[in-house]
Amino acid sequence: MPSAIGAHVAPVLHSAPASLPTVEEISAGGVVVDTSDGELRVAIIARLNRGGRLEWCLPKGHPEGKEDNEQAAVREIAEETGIEGDILAPLGSIDYWFTVSGHRVHKTVHHYLLRATGGELTIENDPDHEAVDVAWVPIKELARKLSFPNERRIADLARDVLPEHL
């Protein structure tokens with residue numbers, strides 16, 4: 001669902017043979033900001049890619065059961081970072097394609113801006129054990145730390161709209 005803040009979708013295209021079956025996937029997550037002091041830090045996670053390289057990214061995951069995207073974003077951020085948060089604003093969606101085990105995946109990720117309300121920074125509660133590290137990063141350094149250009153655009157948008165919610 002587009003928002004007035006982030007109505008655009010920023011595609012990143014990866015080519016794959018058109019003959020492969022396509023699966024649509026939805027995830028939700030976002031930018032959770034600690035506003036308890038003036039530093040404005042964001043919790044991000046690190047994952048190992050298929051090549052074994054460490055990639056820093058925004059926490060996200062699939063909705064479970066009857067969860068909507070907002071509920072999934074709050075839960076996934078808490079599971080992957082240990083930080084509880086309340087949604088302040090939608091940040092828009094990104095989509096991308098990848099190929100895995102004989103099929104193409106078209107993934108759409110809905111991002112939200114959240115204010116941290118509690119918790120401790122940890123990856124111990126990640127049920128999928130996808131996160132291998134977690135860190136607080138000052139929001140002004142967030143875009144430089146993230147591995148993917150489409151997430152850097154979300155980080156820039158979060159930094160731009162955050163003052164409206166402080």
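Leu54 counts as partly exposed because its relative accessibility is 40% (buried means under 20% relative accessible area, exposed over 50%, partly exposed in between, with a 1.4 Å probe and protein chains only). The model is predicted: local features need pLDDT of at least 70, side-chain atom pairs count only at pLDDT 80 or more, and totals for chains, interfaces and linings use all residues. Residues are numbered from 1 along each chain as its sequence is written, and side-chain values use heavy atoms, without hydrogens and water.

Leu54 belongs to strand β4 (residues 54–57). With Leu48 and Val132, Leu54 makes a nonpolar surface patch of about 250 Å². Patch residues have over 30% relative accessible area and no salt bridge; nonpolar side chains (Val, Leu, Ile, Met, Phe, Trp, Tyr) are joined within 5 Å, like charges within 9 Å. A salt bridge places a side-chain nitrogen of Lys or Arg within 4 Å of a carboxyl oxygen of Asp or Glu. Areas follow the Shrake-Rupley method with a 1.4 Å probe; for residues, only the protein chains shown count as cover.

The chain holds 3 helices and 8 strands (DSSP runs of H or I, at least four residues, and of E, at least two, numbered from the N terminus). Their order from the N terminus is β-β-β-β-β-α-β-β-β-α-α. Of the 166 residues, 45% are buried. The chain exposes about 8,400 Å², of which carbon and sulfur atoms supply 52%.

Two arginines lie over tryptophan rings. Arg41 sits over the face of Trp136, 4.9 Å from the ring centre. Arg104 sits over the face of Trp97, at 4.1 Å. The criterion is NZ of Lys or CZ of Arg within 6 Å of the ring centre and within 35 degrees of the ring normal.
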